[in-house]
Amino acid sequence: MSNDKIYVAGASWCGVTTKAFEAIDNSTDSAMFEKLNCDQEHADHEMCKNVEAYPTFKKNDNTVCKMGFRSIDDVLSSCN
């Protein structure tokens, strides 16, 4: 597995984002993720730009590796 962060571009009003953030908080892999509320305090963050759906998972180079959320394992397999 890579040591790079996985950025999670989400929105506070999005139920799927809430589910993803809760799963990340409860995961042993939570340190690998940086959660961003793109509709609030992180609206100007580089990783929130050009997001078409929430949540969107991005690699350090700002490429999308996963849109939507099923499980942490699903995200890790797509983003590493």
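Q: Which residues of H1 are buried?
A: This is a predicted model. Buried means under 20% relative accessible area. In H1, the residues that count as buried are Thr17, Ala20, Phe21 and Ile24.

Q: Within what arc do the buried residues of H1 fall, seen down the helix axis?
A: Look down the axis of H1. Its buried residues line one face of the helix, because they fall within an arc of 100°.

Q: Against which elements do the buried residues of H1 pack?
A: H1 covers residues 15–25. Contact here means heavy atoms within 4.5 Å. By that cut-off, the buried residues of H1 pack against S1, S2, S3 and helix H2 (72–79).

Q: Which residues of S1 are buried on each side?
A: Strand S1 runs over residues 6–10, and five of its five residues are buried. In a regular strand, side chains alternate between the two faces of the sheet. Both faces of S1 are covered. One side has Ile6, Val8 and Gly10; the other has Tyr7 and Ala9.

Q: Do S1 and S2 pair in the parallel or the antiparallel sense, and which S2 residue stands opposite Tyr7?
A: S2 covers residues 33–37. Five bridges link S1 and S2, and the sense is parallel. Opposite Tyr7 stands Glu34.

Q: In what sense do S1 and S3 pair?
A: S3 covers residues 56–58.

Q: Which two residues does a cis peptide bond join?
A: Look in the loop between S2 and S3, where Pro55 is found. The omega angle of the cis bond is about -10°. The bond joins Tyr54 and Pro55.

Q: Is Asn50 buried or exposed?
A: Asn50 also belongs to the loop between S2 and S3. Its phi is near 60°, a positive value in a residue other than glycine. The cut-off for exposed is over 50%. Asn50 has 74% relative accessibility, so Asn50 counts as exposed.

Q: What is the relative accessibility of Asn62?
A: Asn62 is found in the loop between S3 and strand S4 (64–67). Asn62 is not a glycine, yet its phi is positive, about 75°. Asn62 counts as partly exposed because its relative accessibility is 23%.

Key. Residues are numbered from 1 along each chain as its sequence is written. This is a predicted model: local features need pLDDT of at least 70, side-chain atom pairs count only at pLDDT 80 or more; totals for chains, interfaces and linings use all residues. Side-chain values use heavy atoms; hydrogens and water are left out. Buried means under 20% relative accessible area, exposed over 50%, partly exposed in between (1.4 Å probe, protein chains only). Helices (H or I, at least four residues) and strands (E, at least two) are DSSP runs, numbered from the N terminus. Two strands pair if DSSP finds at least two bridges between them. A crossover is right-handed if, with the strands pointing away from the viewer, the path from the first strand over the helix to the second runs clockwise. The arc is that of the directions from the helix axis to the C-beta atoms.
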